[in-house]
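Subject: Structure handover

Hello,

Here is the structure you were to receive. My notes on what was found in it follow below.

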Amino acid sequence: MTRSLQIGPWFLLVCSIFFAFYPHPAFSAGTLDLKREDPITSNLRAPTAVALDANENIYVSESSANRVLVYDSKGGYVRILTGLDKPLGVAVDGNGRIYVCNAGRKNVEVYDSGASFIFKLGSGNGEFSLPVAIALGNS
């Protein structure tokens, strides 16, 4: 014989009384006691894309400033990739290569993990009409 458990109003009343007199230590004056980190967005004007690498570094393209900013997994500044022309998209492959969709040059440029230029996808500038995003597979 199976019996279903029904929670009645008396149970809810007991729980609310219990939590009223024995609040959880994480709550202080009705709010959670959380440590707030400085946001990485304080250095950004208009981010257009975000990517993560295998080490969970954060890559943020910013077309209005023609740059890609790189932060570590905790939000600390690592490096900046400049000299771009309206970078609308960014992606990072398993080898740490950075792919940037440059809408101004109508190309996709590839940089090594140290942010040094390696090559362009396709035949060069003007290869793509308006590159805005790129997706990379595992291979």
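Asparagine 107 sits in strand 9; strands (E, at least two residues) and helices (H or I, at least four residues) are DSSP runs, numbered from the N terminus. This is a predicted model, in which local features need pLDDT of at least 70 and side-chain atom pairs count only at pLDDT 80 or more, while totals for chains, interfaces and linings use all residues. Residues are numbered from 1 along each chain as its sequence is written, and side-chain values use heavy atoms, with hydrogens and water left out.

Asparagine 107 is buried, at a relative accessible area of 0%. Here buried means under 20% relative accessible area, exposed over 50%, and partly exposed in between (1.4 Å probe, protein chains only). The side chain of asparagine 107 makes a polar contact with that of asparagine 125 at 2.6 Å, and another with that of glutamate 109 at 3.4 Å. A polar contact is a pair of N or O atoms within 3.5 Å; within protein, one must be able to donate a hydrogen and the other to accept it, and residues adjacent in sequence count only if both atoms are side-chain atoms. Not counting residues up to four places away in sequence, asparagine 107 touches Val100, Cys101, Asn102, Lys120, Gly124, Asn125, Phe128 and Pro131, where contact means heavy atoms within 4.5 Å.

Glutamate 109 is in strand 9 (residues 107–111). Is glutamate 109 buried or exposed? Glutamate 109 counts as buried because its relative accessible area is 4%. Besides the pairing with asparagine 107, the side chain of glutamate 109 has a polar contact of 3.1 Å with the side chain of asparagine 102. Beyond four places in sequence, the residues touched by glutamate 109 include Leu84, Ile98, Tyr99, Phe117 and Phe119.

Side chains of opposite charge can pair when their charged atoms come close. The whole structure holds 3 salt bridges, each being a side-chain nitrogen of Lys or Arg within 4 Å of a carboxyl oxygen of Asp or Glu.

- Arginine 105 and glutamate 109 meet at 2.7 Å, N to O; arginine 105 is partly exposed at 24% relative accessibility.
- Arginine 67 and glutamate 62 meet at 2.6 Å, N to O. Arginine 67 is buried at 15%, and glutamate 62 is buried at 0%.
- Arginine 97 and aspartate 93 meet at 2.7 Å, N to O. Arginine 97 is partly exposed at 29%, whereas aspartate 93 is buried at 12%.

**Chain and core**

The protein chain has 1 helix and 10 strands, and from the N terminus the order is α-β-β-β-β-β-β-β-β-β-β. Of its 139 residues, 29% are buried. Among contacts with a separation of 6 or more, 27% are between residues 24 or more positions apart.

The largest nonpolar core has 13 residues, and those with the most contacts inside it are Tyr59, Val68, Leu81, Val90, Ile98 and Val100. Strand 3 (47–52), strand 5 (67–71), strand 7 (87–92) and strand 8 (98–102) each give two or more residues to this core. A nonpolar core is a set of buried Ala, Val, Leu, Ile, Met, Phe, Trp, Tyr and Cys residues joined through side-chain atoms within 4.5 Å. Valine 100 touches Val68 and Leu81, and its contacts also include Asn107 and Glu109.

**Surface and loops**

The accessible surface of the chain is about 9700 Å², with 55% of it belonging to carbon and sulfur atoms. Areas come from the Shrake-Rupley method with a 1.4 Å probe; for residues, only the protein chains shown count as cover. Phe117, Ile118 and Phe119 form a nonpolar surface patch with about 260 Å² of accessible area together. Patches are made of residues with over 30% relative accessible area and no salt bridge; like charges are joined within 9 Å, and nonpolar side chains (Val, Leu, Ile, Met, Phe, Trp, Tyr) within 5 Å. Isoleucine 118 is in strand 10 (residues 117–120) and is partly exposed at 38%.

Glutamate 56 is in the loop between strand 3 and strand 4, and lysine 106 is in the loop between strand 8 and strand 9.

Regards
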